[in-house]
Amino acid sequence: MSVRDILGRIGLAFGVFLIVSPAILFFLWMISLSVKFEVDNAAYPPVFIPENFAWKNYADVLASNRFFTYFTNSVLVTGGATLLAMLVGVPAGYGIARMAAHKSAIVILVARITPGLSYLIPLFLLFQWLGLLGTLWPQIIIHLVVTVPIVIWIMIGYFETTPIELEEAATIDGATRWQVFRHVALPVAKPGLAVAFILAVIFSWNNFVFGIVLAGRETRTLPVAVYNMISFDQLSWGPLAAAALIVTAPVLVLTMFAQRQIVAGLTAGAVKGG
Amino acid sequence: MSTITDQAAGAAQDMTVPAQPWRPPSYWPFVLPALIVVLSVIIFPWLFTIWMSFQEWKVGSPTTFVGFANYLRLPADPRFVEAVGHTLSYTALSVVLPLVLGTFAAVIFHIKFPGRGILRALFIMPMMATPVAIALVWTMMFHPQLGVLNYLLSLVGLPPQLWVFHPGTVIPSLVLVETWQWTPLVMLIVLGGIAALPTEPYESAQIDGASTWQMFRYITLPLIMPFLFIAAMIRAIDAVKSFDIIFAITQGGPGTASETINLYLYSVAFVYYDLGYASAIALVFFALIVALTAALLILRKRAQWTGVDA
């Protein structure tokens, strides 16, 4: 190995360290904050690994009687919005791809560049008028603004690349369009379904802006609940960091295990709603 | 479920039975449910917002038609004008920094090295993590007395900063978070571009004794330009709309020093409940985003032209 090679390797290692360390150090610090008692979190110079671990920060968050409500709300809103989006978005992606109705993608594009807040004003009034405020329905419905475009956009891409010959053969054999979709097109597009599902779940789970306007005390999702913790118990960092970590943990785990799908989805459409 | 299936199949068949081969409408049953959803949660809000922007509407009082009065209020509203300035500087920084760092990261991640897969997963975590949770930890890190950032500065001999707690440093500090969060997306887009590059130019350049930097500057960079433009456009659209991070860390403060259009829109709509005016802001804001996107597209065309000339 020549000197030039060795220098090259050191340079590469340094480059890798430079770009990856902000992310790694941030999350390590987040974990550190969440397992420290007040004394250690207020210490100067800062303590990275404490002598006594404050596991009770996690216990406190999980044991608070509201946490379970907020967690359930988050699961229902994200689950509802994602399943509804898959239900209407997957067939739509198929239809648009087969009709080659590329102009209809403009609507998706408009949805992509519209600030989430501009949906909130009219829909807030609509939900108020319908008497839905105070239930989870407004949030499930408005999260469709995030999930439906993601699902449609990604599914158009997948159905466009699946071979049409198989479908033609099935049609000749007498299958209806619905049967062709259900038994021929859908199984082939399975990887696409996974990508659309994962991205819809993540961006719906992370969404914050819809919740702060539409959620009441009983209907808060986890991001909104955590935000409310900032404003009220600013002083205790340990439990706050623990709560933040609990909220984002499902997404981080999903990112670890479904990295390939996420990368495929983001580079295909680079969709992010809200 | 079976009824839906039957209906859809039936509808599909009804339309395919006629003698004329009129194929396209047969896919409509697939698109219809999504169309209804899009009409009600995307199109309807848009039309309603346009209508509302011509009304004087404060919650609790009757609406009155005021023509363009809401729009005419905008240039005379110092808070709005200030917010436009904040938005532009925030956006410019939040496009340029992730673009430079993301391109560098893409070049690094294009090289094969042990642990690349797991490191890439860790690298993209900031953009997947829940923004509010991230914002909360950044707020703690920005703390002037107890925050870890001032400690890190002191290690390299730099004076402590007030970060998000001072009007002069609040926007750069928020941009730091935004850059940390969204550099990975730029990296992914540019990496896609680099991966598709032909290898021949590099081989001949190597034979000619070109340095790594020269190869990047004269081969890679021109070839990945289209991807950089896409990344810049996506970044610009997201940065201009940025809400979660700013709202959770500063609420637009201190004072109104980090109030962008989106945050001001929130205040007007859901703090002051001045819904007519808020609708006008929403529409002007949307027009601004469209203009920004169009400007980048024109710039891209230009770049392609000069590329042909050279």
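How many residues does the contact take from chain B and from chain A? Here are some notes to read beside the model.

1. **The contact.** The contact takes 73 residues from chain A and 71 residues from chain B; two residues are in contact if their C-beta atoms, placed from the backbone, lie within 7 Å. On the side of chain B that touches chain A, helix α2 (residues 28–52) gives the most, with 13 residues. That side of chain B divides into 59 nonpolar, 9 polar and 3 charged residues. In this count Ala, Val, Leu, Ile, Met, Phe, Trp, Tyr, Cys and Pro are nonpolar, Asp, Glu, Lys and Arg are charged, and the others, Gly among them, are polar.

2. **How to read the model.** Please keep in mind that this is a predicted model, in which local features need pLDDT of at least 70, side-chain atom pairs count only at pLDDT 80 or more, and totals for chains, interfaces and linings use all residues. Residues are numbered from 1 along each chain as its sequence is written, while chains are lettered from A and ligands numbered from 1 in the order in which they are written.

3. **Chain B overall.** Chain B has 13 helices and 2 strands; helices (H or I, at least four residues) and strands (E, at least two) are DSSP runs, numbered from the N terminus. Of its 310 residues, 43% count as buried. A residue is buried if 20 or more other C-beta atoms lie within 10 Å of its own, exposed if 12 or fewer, and partly exposed in between. Among contacts in chain B between residues at least 6 apart in sequence, 68% join residues at least 24 apart.

4. **The core.** The largest nonpolar core holds 170 residues, and A:Met155, A:Ala244, B:Leu265 and B:Ile281 touch the most other members. Such a core is a set of buried Ala, Val, Leu, Ile, Met, Phe, Trp, Tyr and Cys residues joined through C-beta atoms within 7 Å. Helix α7 (residues 137–161) of chain A gives the most to this core, with 16 residues. Domain 1 (2–52) and domain 2 (71–309) of chain B both give residues to the core, so it lies between them; the domain bounds come from an automatic or database domain assignment. Leaving out residues up to four places away in sequence, A:Met155 touches A:Gly89, A:Val90, A:Gly93, A:Tyr94, A:Ala189, A:Gly192 and A:Ala196.

5. Helix α8 (residues 170–195) of chain B reaches 37 Å from its first C-alpha to its last, close to the 38 Å expected for its 26 residues at 1.5 Å a residue. The expected span is 1.5 Å times one less than the number of residues. α8(B) bends by about 40° at B:Trp182, with B:Pro184 following within four residues; the bend is the angle between axes fitted to the seven residues ending there and the seven starting there. In α8(B), 22 of the 26 residues are buried. α10(B) bends by about 55° at B:Met225, and B:Pro226 follows within four residues.

6. **A residue facing chain B.** A:Thr267 sits in helix α14 (residues 259–269) of chain A. Apart from neighbours within four places in sequence, A:Thr267 is in contact with B:Leu188, B:Ile189 and B:Gly192. A:Thr267 counts as partly exposed because it has 18 C-beta neighbours inside 10 Å.

7. **Backbone points to check.** The peptide bond from B:Gly253 to B:Pro254 is cis, with omega near 0°. B:Pro254 lies in the loop between α11 (244–249) and α12 (261–270) of chain B, and B:Gln251 lies in the loop between α11 and α12 as well. Phi of B:Gln251 is near 55°, a positive value in a residue other than glycine.
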